[in-house]
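Me: Can you walk me through this one? I'd like the domains, then the sheet, then the chain contact.

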Amino acid sequence: MRKISLEFWADSFHEGFWACQELARFFKLGRITYEKGFIPVFLFKINDDTELEITVFGSYENWDPLPEAIAYLIEWGKPDLIAYDPAQKKIVFAMEETAAVPTGNQALQRCERMYGSLRLQIPFWYLLGEFGTHVDGGIRRDSIWPTVLALKLSCIQRTPCAVLHYSDLEHPEDYSFGQGVKSLYAALATLIGIHLGISTKKDLLPILTEQYHHMIDFIDSQWPQVVSFIPKKELLTDPKTAGGIAGLVTAEEKLDNSLLDFFNWGTTDSLPKDIYQSIKPGGVIKPDRLVSELEGIVSKKRGYTLSGNAGSRPQDKADVAEWIAQQKAMFGNSGLKNTSFTLHISDFPKSDAGRLHVTTAKNVFYLIDSWRDAETAIKAAFPRLSGLSTQEEGPVFLYISNSLKPGRIFGDPFTGQLSAFANIFTKDVLGQRTRIAVAYYPHQVHTQLVTDSGIFKKNKGVTIMRDLLDYAIFCGGVLVNLKTGKIT
Amino acid sequence: MISYTYSPSEEIARWATEVYIKKNPKLGWWVAFTNPTAGPWKKVVAPGEGGTSVEIYRFIREEERPDLILVNDDFKVILIVEAKDCVGKLIASDQMTKSIRVIREMAEILSQSRNPHWQTRKNYKVLPSFLWMCGNGNDIQKECSLVRKEFLARWDGPKRDVVNIVVSKDKSENLINTFVYKGGVFQNLDFQLS
């Protein structure tokens, strides 16, 4: 009898235990025992020759040492479940699931975990509610962006990456409704079967085709509520699209040329005529010089935004004052010439309730046709950068995070938002770069990212920024080259 | 053979207790709520027909919640459990105040439930309970006294005693639960909770 051992590493014992219980629908469960009185060990009888033993480890930080592959992966965020083969020292798949639908600012919260796995070509599934209750009590439907990201990363990395939904309109946030849970474990059981040598990638093809169908259908039904257009949107209704992507990730088929511009938001000259004509600035809540320049580019139709609905969540005045003081203290150590700390509480407009708006642009990002325009805007907003010479060419993705609280930009939900948008808007489905990636943090100081001598600090957010951004602009117009660490 | 070592944590304390409940079904205890760091377990449930679970109460996003709720229909008792990795965190004054508030509010929610699957349990005795890990089995009673003292100093409701659940290692390094109630020390949760 051959016994294969896997380890399920999870955020909590419950998640690993639940995964094993669900797998018992596909593999015959022999027994459950508990090592050291509490560590679950599931023994499955796969066939007459093979047994599968799965040991569950809850809460990553409890254990020492963490397997190297897992320690490396979770630097990009901790998936809820990682299946690990200790003999091969290899991760078989990763999975994320959430009990609530991430809405509003949180919608892209876990996308860095998806990207972290996919960049290592680790198959990844994300299970979340399609319908959920927002903090305002209303029912919201999931954002399209995690699903768009999953489709794009599937193509780029030729690795399965799926977003599955549970719940329905009448039963928001309820795992027992919708097809998501069943479909998820059908895929994971098949993937384990492939790892054990009892299934083939061919067995995964129909499951993935169905999952990609679901994802594409979801985007097709939801995108008009989120964006003004989807590049190559006809692929959303083409019955061959899902099978094509499933074939790409399971059978190493070549990428169909028709997919090339799928989800590739190009320059203004490539936009549908009606979309081009409707380009207009989205507006500003808290005045900001760089944002005004960017709005100017959009008003000249040399760049565009996809939606202007970034909500403002005004902050308590005392918190704003405290955060400004903290930022100022960190800025004071910078030693940079020609710049000064520019944040002042009077710059933040009052809301009706007497709180303070921190939101600048009503858009989370701008898609600008040329680096030259972007660079001109940056220099106009921050004259101290007038001598900047970058030699860059090409269109630009410019992401804005208005967060003021120190350190927030390195954590949830901003790392997920950046992971999603930077991958979606700066790469095509072949993984080729299509835009220069710039982030603007008007209320954060650069010393949180990098030391004066160009040494990057270490945390999940910095790891993601260095991987996905070319430049970041901070308070006072301090520009950091994310590839070299050079501060201008 | 497990090749990793673990450090004490609230997650392990709570899970070890749930494993104890799973391994001892004859005692009649079941888990109505558990609060792991993530996952779909954010609601209070009760057994429904045909082995299903029925939702009794769902916490809203930022609502305070206990770490574990254990129910025994034979004893007609509900334990509302607050957990930490060590006793020091449980007896910190802010924490004990918060724990008592959480236990009170949860008891109130359960006593006012209109769910038909909970009606028979509305009049069960509700006991505050504390759960932690203890590195030295010889210290269990001493630590329990600290928790009880801190609880009684801050509890201003009808007279209640606490059920302490302490997780420690036995000689084989296996985690075991010890239950302490009204000065009595028990290896099983099968004693009279009057």
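**Domains, sheet and chain contact**

Reply: Start with the domain assignment of chain A: it gives domain 1 (2-259) and domain 2 (269-481). Keep in mind that this is a predicted model.

Me: What separation do the centres of domain 1 and domain 2 of chain A have?

Reply: The centres are 32 Å apart, taken over C-alpha atoms.

Me: And how many residues of each domain of chain A are in contact with the other?

Reply: Domain 1 of chain A has 26 residues in contact with 22 residues of domain 2 of chain A. On the domain 1 side, α3 (111-118) and α4 (145-157) of chain A each supply at least two residues. The largest share of that side comes from α4(A), with eight residues. By class, the domain 1 side has 16 nonpolar, six polar and four charged residues.

Me: Next, the largest nonpolar core. Which residues touch the most other members?

Reply: A:Leu398, A:Val438 and A:Ala472 do, in a core of 199 residues. Helix α5 (residues 180-196) of chain A gives the most to this core, nine residues.

Me: Where does this core lie relative to domain 1 and domain 2 of chain A, and why?

Reply: It lies between them, because domain 1 (2-259) and domain 2 (269-481) of chain A both give residues to it. As background, nonpolar side chains tend to be buried together in soluble globular proteins.

Me: Which residues is A:Ala472 in contact with, leaving aside neighbours within four places in sequence?

Reply: A:Ala472 is in contact with A:Ala439, A:Tyr441, A:Leu449, A:Met465, A:Val480 and A:Leu482.

Me: Changing topic. What is the strand order in the eight-strand open sheet of chain A?

Reply: The order is β2-β3-β4-β1-β6-β7-β8-β11 (chain A), with mixed pairing. At the edges are β2 (28-35) and β11 (161-166) of chain A, each pairing on one side only. Neighbouring strands are turned by 20° against each other on average, direction ignored.

Me: In what sense do β1 and β4 of chain A pair, parallel or antiparallel?

Reply: Parallel: β1 (residues 2-10) and β4 (residues 50-58) of chain A share nine bridges. A:Ile4, for one, has A:Leu52 in β4(A) as its bridge partner.

Me: What about β3 and β4 of chain A? How many bridges join them?

Reply: Five, and β3 (residues 39-45) of chain A runs antiparallel to β4(A). A:Leu43 has A:Glu53 as its bridge partner in β4(A). The two strands, β3(A) and β4(A), form a hairpin with four residues between them. On to β2(A): this strand pairs with β3(A) in the antiparallel sense over seven bridges. There, A:Ile32 is partnered by A:Phe42 of β3(A).

Me: Is helix α1 of chain A mostly covered or mostly uncovered, and how many of its residues are buried?

Reply: Mostly covered: nine of the 11 residues in α1 (residues 13-23) of chain A are buried. Among them are A:Phe13, A:Phe17, A:Trp18 and A:Leu23. The buried set also includes A:His14 and A:Glu15.

Me: Last topic, chain A against chain B. How many residues does the contact take from each chain?

Reply: It takes 24 residues from chain B and 23 residues from chain A. On the chain B side, β1 (5-6), α1 (10-23) and β9 (175-181) of chain B give two or more residues each. α1(B) gives the most, with five residues. That side of chain B divides into 13 nonpolar, seven polar and four charged residues.

Me: And which strand of chain A pairs with β1(B)?

Reply: Strand β5 (residues 63-64) of chain A, in the antiparallel sense over two bridges. A:Asp64 has B:Thr5 in β1(B) as its bridge partner.

Conventions
Residues are numbered from 1 along each chain as its sequence is written. Chains are lettered from A and ligands numbered from 1 in the order in which they are written. This is a predicted model: local features need pLDDT of at least 70, side-chain atom pairs count only at pLDDT 80 or more; totals for chains, interfaces and linings use all residues. Two strands pair if DSSP finds at least two bridges between them. A residue is buried if 20 or more other C-beta atoms lie within 10 Å of its own, exposed if 12 or fewer, and partly exposed in between; C-beta atoms are placed from the backbone. A nonpolar core is a set of buried Ala, Val, Leu, Ile, Met, Phe, Trp, Tyr and Cys residues joined through C-beta atoms within 7 Å. Domain bounds come from an automatic or database domain assignment. Two residues are in contact if their C-beta atoms, placed from the backbone, lie within 7 Å. Ala, Val, Leu, Ile, Met, Phe, Trp, Tyr, Cys and Pro count as nonpolar, Asp, Glu, Lys and Arg as charged, and the others, Gly among them, as polar. Axes are lines fitted to C-alpha atoms, for helices over the stretch in contact, and angles run from 0 to 180 degrees between N-to-C directions.
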